[in-house]
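Have the viewer open while you read.

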Amino acid sequence: MSRIVEQAREWLGVRYLHQGRNRFGADCVGFPLGVYAELGVNLPDWRAYGTEADPDELLRRLRAALGQEIAVEPVPFSALQPGDILLFRFPKTKSPRHIGIVSDRATGGLNFIEANGNEGRVIERRLDERYLSRVTHVFRRPV
């Protein structure tokens, strides 16, 4: 298991907090930034966004923080590994607006960990075809 996934799992249950960056509360942008910070990697941060981040700004900021993406849609499962950062679009939208971290399952396959506003906390869920079809960009920045 990657160090990123191990650290991200320690955030499970942390409450969702718009523009939060730590275990007191985090949003989908702050969650991976906080995970990396706990691993000693300080990535460029920004907070000038509303409840839905501007997709162009989000992508530009992720590239600045994580480097060039390693895959863009359509993304096959074979392109992913635990610790990768996923950029998602929501159902019925074409633009990316959400971030998650790929994790592995003990039984095989992949999950992802996200700060989910609807659930009100950081959760881990199966990365099935429904979610994979919403992945627009994949970033990989090993620790």
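In which sense do strand β5 and β6 pair, and over how many bridges? Strand β5 (residues 96–104) pairs with β6 in the antiparallel sense, over four bridges.

## Ground rules

This is a predicted model, where local features need pLDDT of at least 70 and side-chain atom pairs count only at pLDDT 80 or more, while totals for chains, interfaces and linings use all residues. Residues are numbered from 1 along each chain as its sequence is written, and side-chain values use heavy atoms, with hydrogens and water left out.

Strands here are DSSP runs of E, at least two residues, numbered from the N terminus. Two of them pair if DSSP finds at least two bridges between them.

## Both sides of β6

Glu114 stands opposite Ile123 in β7. This hairpin has four residues between its strands, and Gly120 in the turn has a positive phi of about 80°.

## How enclosed is it?

Seven of the seven residues of β6 (residues 110–116) are buried, so the strand is largely enclosed by the rest of the structure. Buried means under 20% relative accessible area (1.4 Å probe, protein chains only). Leu110, Phe112, Glu114 and Asn116 are buried on one side, and Asn111, Ile113 and Ala115 on the other.

## A look at Ser103

Ser103 lies in strand β5 and is buried, with a relative accessible area of 0%. Not counting residues up to four places away in sequence, Ser103 touches residues including Leu110, Phe112 and Glu124; contact means heavy atoms within 4.5 Å.

Conventions:
Buried means under 20% relative accessible area, exposed over 50%, partly exposed in between (1.4 Å probe, protein chains only).
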